[in-house]
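Here are some exercises to work through with the structure open beside you. Try each task before reading its solution.

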Amino acid sequence: MAPRLDFSNWWAKDTRKGTPVVVTMENPNFSVVEIDGPDAAFRPVEKSRGKNAKQVTWVLLLKANRAVGCVAWLATALWSLLGAIKKRLIHRQGVTMASEKLGKGKLLFRIIRAFLVTALAILSFEVVAYLQGWHYFKNPSLHIPQTSDLQGFFHVAYVAWLTFRADYIAPPIQALSKFCVVLFLIQSADRMILCLGCLWIKYKKIKPTIAGDPFKPDDVEGSGNEHPMVLVQIPMCNEREVYEQSISAVCQLDWPKDRLLIQVLDDSDDESIQFLIKAEVAKWSQKGINIIYRHRLVRTGYKAGNLKSAMSCDYVKIYEFVAIFDADFQPNPEFLKQTVPHFKDNPELGLVQARWAFVNKDENLLTRLQNINLCFHFEVEQQVNGVFINFFGFNGTAGVWRIKALEESGGWLERTTVEDMDIAVRAHLNGWKFIFLDDVKVLCEVPESYEAYRKQQHRWHSGPMQLFRLCLPAIITAKISACKKANLILLFFLLRKLILPFYSFTLFCVILPLTMFVPEAELPVWVICYVPVFMSLLNILPAPKSFPFIVPYLLFENTMSVTKFNAMVSGLFQLGSSYEWIVTKKAGRASESDLLAAAERESKTMNQPQIYRGASESELSELNQIKEQKEAARVPVKKMNKIYRKELALAFLLLTASVRSLLSAQGVHFYFLLFQGLTFLLVGLDLIGEQMS
């Protein structure tokens, strides 16, 4: 029983005050009188009796004012706190945002707001419970469940959950898992056939050859009439790190100067970068190279719009072939002599594609894993398709097109972010053939940061689905064989662009963790472990030096399936990010031979000051100013701490599933989910650390 505190005796009006006094009179005529206290007439008047109603009203108003002020102060403080959180998380005030949307922090802000509302609701409930006397355990109206009651309740709830799980949750999961397993087997069979085709090509030593000698021995010093007119295009946009080495490599191509024109197609919106590229073009132009600088005022259509604008020039009509190199590509001097002769005596040939070689493939784990994927793509997919069906997707760079094939196929279109695949499909529908040269390699670099790689993969997987929607009617009505139509629809688009990211994400990132909590829909071990490992071994065969990274490769591919699936869905249903084009960030890496050649050219330049002899004083001052801008230190930009919620959420989900599988004594599931969950977690933490560094 709570102690009762009675304070009524503190202010009771009948409380006697003073000390009793007894007075004895000697005179008998007087009686003895006992005085307990002062007479009523001499008693002090109570202060409360002197207060009127007006004074009481003022006192109450003063107390109410103080209470309202306190509540207002609390409300203002809470509102200021929420405002500060909103400014920090939603509007990102004080943090540099690199092409990021303002709503990235809305989810975290909502979580914080929900937490505060929940806390206030619980506090209100506690206050009401206290006022109602629910905190007294001896309250006869309060029922406290016993341990047996709780055990019985939990038992009934668990049995109900098991019944509901077996009847309603397990069947759809099992049906979806069977569907994904079928897709997985089909895609694995396709990979197996491609690998067998690659082994056949290696065994038979099949490769495109040049018939006869395309050039006469004296053509190099003579007129060079056997050399066709070739146009070289270098599209770029704000490529500060790599513009110099790409222009330098293209200007050193071994081809008659009077039959070669280089177009530097600059879409940069940074004036300092424009000045630097202009200076580089002017330097090579004064060396006698036929090179032109073009800059568009309105950048529409991204790379496709840039190439389309360049091809509309009148002087392009006299050229027969066009070679395209992105800003980070460095072709060797013999590139044109290794590719252009394949067009001779082959009027149906529309494209000659060279292979990529990476100068930074050993930079970090991410570049090594990318090298595995791209080596399989070039050496297996494109080589097999080029040899057996004369068709593959154009890579957008390091290739030579017959200009007639581009014109008859409709030219460059701005309708998708994969303009290279778009023109390749349309050229194939018009009957043009492609050749892939595995032995001709062009140096380039792969993204070294996960952020750049993720954006690149988003564009590479959303664009094909967008293109599939646009090209499907043209494929169906095209005048080509049914086998070519089936190859385009079933293999090129559906199996390799849509089914692959769908089943990999659904099977390994959704169904596999659910089977740990729904054992009625368990997957077989060969689907979880054996077949993925075997397919990873096949993928890693073109890059045998990467064999030690097979386990990180397998897990990282499952991790990237989240991004690929998201990109595929956005492109298929035309969502907002399907037409998003972000230039892949480059580091400006160069090979050792390129660095030695650059140093040699620099020493020659120091010994030959007459390189700017034909320039005026204003041009020289402008060039000097550009050099000073180039050598000036760059101001570091404070990066934003990005939280990749999808990767981290899947990491904790898979780690939880691995613990569940360990308790169920499912060893294979446990190790697979443990490694995959750790991969997700490390990727997410690495992203946060990268942005904070």
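**Exercise 1. Is Phe-325 buried or exposed?** Describe its surroundings as well.

*Solution.* Bear in mind from the start that this is a predicted model.

- Step 1: Find the residue. Phe-325 sits in the loop that joins strand 6 (321-324) to helix 7.
- Step 2: Check its accessibility. The cut-off for buried is under 20% relative accessible area. Phe-325 has 0% relative accessibility, so it counts as buried.
- Step 3: List its contacts, leaving out neighbours within four places in sequence. Phe-325 then touches Val-232, Gln-233, Ile-234, Pro-235, Val-250, Pro-331, Phe-335, Thr-397 and Ala-398.
- Step 4: Look along the sequence. Gly-396 is 71 residues from Phe-325 in sequence, yet their C-alpha atoms are 7.9 Å apart in space.

**Exercise 2. Place Leu-336 in the fold and find what it touches.**

*Solution.* 

- Step 1: Leu-336 belongs to helix 7.
- Step 2: With a relative accessible area of 0%, Leu-336 is buried.
- Step 3: Not counting residues up to four places away in sequence, the contacts of Leu-336 are Val-230, Leu-253, Trp-255, Leu-260, Ala-323 and Pro-341.
- Step 4: Take Trp-255 from that list. Between Leu-336 and Trp-255 there are 7.2 Å from C-alpha to C-alpha, with a sequence separation of 81 residues.

**Exercise 3. Asn-238 and Asp-345 each have a positive phi without being glycine. Where do they lie, and how exposed is each?**

*Solution.* 

- Step 1: Start with the angles. Phi is about 55° at Asn-238 and about 60° at Asp-345.
- Step 2: Locate the residues. Asn-238 is in the loop between strand 3 (230-236) and helix 4 (243-251). Asp-345 is in the loop between helix 7 (335-339) and strand 7 (349-358).
- Step 3: Compare with the cut-offs: exposed means over 50%, and partly exposed lies between that and the buried limit of 20%. At a relative accessible area of 30%, Asn-238 is therefore partly exposed. At 70%, Asp-345 is exposed.

**Exercise 4. How does helix 12 (residues 482-517) cross helix 10 (residues 419-429)?**

*Solution.* 

- Step 1: Two packed helices are described by the angle between their axes and the distance between the axes.
- Step 2: Read both values. The axes of helix 10 and helix 12 come within 11 Å and cross at roughly 160°.
- Step 3: Angles over 145 degrees count as roughly antiparallel, so helix 10 and helix 12 are roughly antiparallel to each other. Their crossing is right-handed.
- Step 4: Name the residues that meet. Helix 10 brings Met-421, Val-425, His-428 and Leu-429, while helix 12 brings Lys-484, Leu-488, Phe-492, Phe-493 and Lys-497.
- Step 5: Sort them by class. The contact of helix 10 with helix 12 has six nonpolar residues, one polar and two charged.

**Exercise 5. Which residues join helix 11 (residues 450-477) to helix 12?**

*Solution.* 

- Step 1: The axes of helix 11 and helix 12 come within 11 Å, crossing at roughly 165°.
- Step 2: Helix 11 is therefore roughly antiparallel to helix 12, and the crossing is left-handed.
- Step 3: On the helix 11 side the contact uses Pro-464, Met-465, Leu-467, Phe-468, Leu-472, Ile-475 and Ile-476; on the helix 12 side it uses Lys-485, Leu-488, Ile-489, Phe-493, Leu-494, Lys-497 and Leu-498.
- Step 4: The contact of helix 11 with helix 12 holds twelve nonpolar residues, two charged and no polar ones.

**Exercise 6. How does helix 12 meet helix 14 (residues 550-572)?**

*Solution.* 

- Step 1: The axes of helix 12 and helix 14 come within 8 Å and cross at roughly 130°.
- Step 2: This angle makes helix 12 oblique to helix 14. The crossing is left-handed.
- Step 3: Among the contact residues are Phe-502, Phe-505 and Phe-508 of helix 12, and Val-562, Phe-565 and Met-568 of helix 14.
- Step 4: By class, the contact of helix 12 with helix 14 has ten nonpolar, three polar and two charged residues.

**Exercise 7. What does His-461 contact?**

*Solution.* 

- Step 1: His-461 is placed in helix 11.
- Step 2: Its relative accessible area is 17%, so His-461 is buried.
- Step 3: Setting aside neighbours within four places in sequence, His-461 contacts Lys-564, Ala-567 and Met-568.

Conventions
Residues are numbered from 1 along each chain as its sequence is written. This is a predicted model: local features need pLDDT of at least 70, side-chain atom pairs count only at pLDDT 80 or more; totals for chains, interfaces and linings use all residues. Side-chain values use heavy atoms; hydrogens and water are left out. Axes are lines fitted to C-alpha atoms, for helices over the stretch in contact, and angles run from 0 to 180 degrees between N-to-C directions. Helices (H or I, at least four residues) and strands (E, at least two) are DSSP runs, numbered from the N terminus. Angles under 35 degrees count as roughly parallel, over 145 as roughly antiparallel, 65 to 115 as roughly perpendicular and the rest as oblique. A crossing is left-handed if the near helix is turned anticlockwise from the far one by less than a right angle, and right-handed if clockwise. Contact means heavy atoms within 4.5 Å. Ala, Val, Leu, Ile, Met, Phe, Trp, Tyr, Cys and Pro count as nonpolar, Asp, Glu, Lys and Arg as charged, and the others, Gly among them, as polar. Buried means under 20% relative accessible area, exposed over 50%, partly exposed in between (1.4 Å probe, protein chains only).
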